[in-house]
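Student: I have a new structure to look at, and I would like to learn how to read it. Could you walk me through it?

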Amino acid sequence: MALTLCKRITVLVLTIVCLVLLTHNASHAEYGDVVMNKYSDDSGIRPVVFPHWFHRVRFRCKVCHADLGFKFKAGGNDINMLKIIDGEYCGACHNGDIAWSVENCDLCHSGKPKTPTQVHESTLQKLIRPAGAPK
Amino acid sequence: MVRSKFFVSLISSLGIIALSVAWMPVPDAAAADPNTFNRLMKPPSKRNPPPTQDGIHDPGSIGTQGLQTPREAFKPLPPAQSGNYVDWVKAFDAKKIQPRFDSKDPKAKPVIMDLTIVRQVKGSMPDVIFPHKQHTEWLDCSNCHPVPFVPQKGANQMSMASIMLGESCGVCHGKVAFPVADCRRCHTETKGKATKTSAKAAAKPAKSKKK
């Protein structure tokens with residue numbers, strides 16, 4: 001008896017916690033973070049968050065945007081896992097040689113489900129939602 | 001028996017609550033008090049937050065917890081007023097960061113082009129100086145020529161409105177490179193000085209803009 005009650009309470013508590021976490025989505029994303037979600041949601045995996053700040057500490061823009069052919073447009077590149085394991089796009093580095101390899105799914109696929117493809121904290125975003133206002 | 005199971009689940013649910021409290025962003029005071037000091041601006045305490053609190057990473061993912069916090073990475077770097085709150089040009093010049101020019105070869109060096117272009121600005125704002133030097137440190141000619149800029153002084157229409165909409169300089173500034181808020185980093189040449197030192201350079205753009 002006590003156990004079923006306890007289970008119910010646990011389920012209730014977990015539901016509340018999940019709801020709180022889901023509804024509390026004030027975005028303070030780092031400037032230049034790109035969420036990539038052309039295929040992820042549809043494939044049942046978390047969207048990808050690409051941090052510009054982290055990569056530009058290590059690489060010039062030219063490496064990705066000229067040598068590797070990433071276009072200057074969030075969602076403007078047709079990236080999927082097959083291309084990545086064949087060494088294109090992220091896979092040119094995330095190959096266990098220059099950077100950790102693709103088996104670390106969760107490090108790339110770390111976005112909140114249903115977050116649309118976009119570059120965060122951009123001037124354009126702020127014209128709609130002024131000066132970094134909490135959403 | 002039943003009791004110990006009860007305690008196990010009680011403790012685990014308490015643990016989950018504690019964890020989710022730790023993951024949650026600092027409670028938004030704005031939600032409770034309508035008269036908080038900053039209503040629209042993001043206060044300094046909310047800048048460069050850890051991925052678990054930034055609103056776009058899933059705090060429930062193990063991967064998220066493995067990611068670096070921008071605030072910590074930026075500690076040794078010179079600050080700026082907006083964007084990442086890091087002056088990437090100064091950080092680069094002072095060799096605080098040494099971004100590779102080639103994905104594999106850490107020693108590869110770019111060919112730097114030191115050509116500045118003066119763009120005369122309507123009204124009171126200082127003229128804009130576009131330095132090829134800082135740009136060719138990071139970028140390839142093909143990132144800008146022929147799109148978004150024809151490589152000819154004065155051949156391109158530019159305006160503040162289009163920049164804010166993400167065109168022209170706004171392809172990068174306002175998205176990854178320092179944002180539009182840092183007016184004086186682009187509007188550097190005071191008007192009087194421009195007419196004295198670079199009258200020729202400035203006259204050309206004005207002329208070719210008309211056609």
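**Reading the model together**

Tutor: Let's begin at one residue: A:Glu121 sits in the loop that links β3 to α6 (123-128) of chain A. Helices (H or I, at least four residues) and strands (E, at least two) are DSSP runs, numbered from the N terminus. Before we go on, note that this is a predicted model, in which local features need pLDDT of at least 70 and side-chain atom pairs count only at pLDDT 80 or more, while totals for chains, interfaces and linings use all residues. Residues are numbered from 1 along each chain as its sequence is written, chains are lettered from A and ligands numbered from 1 in the order in which they are written, and side-chain values use heavy atoms, with hydrogens and water left out.

Student: Is A:Glu121 buried or exposed?

Tutor: Buried means under 20% relative accessible area, exposed over 50%, and partly exposed in between (1.4 Å probe, protein chains only). With a relative accessible area of 3%, A:Glu121 is buried. The backbone of A:Glu121 also deserves a look: phi is positive, about 60°, although this residue is not a glycine.

Student: Which side chain does the side chain of A:Glu121 make a polar contact with?

Tutor: A polar contact is a pair of N or O atoms within 3.5 Å; within protein, one must be able to donate a hydrogen and the other to accept it, and residues adjacent in sequence count only if both atoms are side-chain atoms. Here the partner is the side chain of B:Lys42, at 3.1 Å.

Student: What is the pLDDT of chain A like?

Tutor: pLDDT is the predictor's confidence in each residue, from 0 to 100. Chain A has a mean of 83, and 75% of its residues reach 70 or more. Over residues 9-25 of chain A, however, the pLDDT is below 50, and this stretch has 15 contacts in the model beyond near neighbours in sequence. A contact means heavy atoms within 4.5 Å. Residues 131-135 of chain A also stay under 50, with 17 contacts beyond four places in sequence. Where pLDDT is low, the predicted coordinates should not be read in detail.

Student: How many helices and strands does chain A have?

Tutor: The count is 6 helices and 3 strands. Along the sequence they follow the pattern α-β-β-α-α-α-α-β-α.

Student: What order do the strands take in the sheet?

Tutor: Strands of a sheet pair through backbone hydrogen bonds, either parallel or antiparallel. Two strands count as paired if DSSP finds at least two bridges between them. In chain A, the 3 strands form an open sheet in the order β2-β1-β3, with antiparallel pairing. Because β2 (48-50) and β3 (118-119) of chain A each have a single partner strand, they stand at the edges, and one side of each is left without a neighbour in the sheet. Strand β1 (residues 34-36) of chain A pairs with β2(A) over 3 bridges, and A:Val34 stands opposite A:Phe50 in β2(A).

Student: Which residues does A:Gly32 touch?

Tutor: First, its place: A:Gly32 lies in the loop between α1 (2-23) and β1 of chain A. A:Gly32 counts as buried, at 0% relative accessibility. Leaving out residues up to four places away in sequence, A:Gly32 touches A:Phe50, A:His52, A:Val119, A:His120 and B:Lys175. A:Gly32 and A:Val119 are 87 residues apart in sequence, yet 5.9 Å apart in space, C-alpha to C-alpha.

Student: How many disulfides are there over all chains?

Tutor: A disulfide is a pair of cysteine sulfur atoms within 2.5 Å, and the count over all chains is 0. B:Cys141, for instance, has its nearest cysteine sulfur, that of B:Cys144, 8.8 Å away. B:Cys141 is exposed, with a relative accessible area of 53%. The sulfur of B:Cys172 is 6.2 Å from its closest cysteine sulfur, in B:Cys144, which is too far for a bond. B:Cys172 counts as partly exposed, at 22% relative accessibility.

Student: Where should I look for a cis peptide bond?

Tutor: Look at the bond from B:His145 to B:Pro146, which is cis with omega near 0°. Another cis bond joins B:Val147 and B:Pro148, with omega about 5°. B:Pro146 lies in the loop between α6 (132-138) and α7 (160-164) of chain B, and B:Pro148 is in the loop between α6 and α7 of chain B too.
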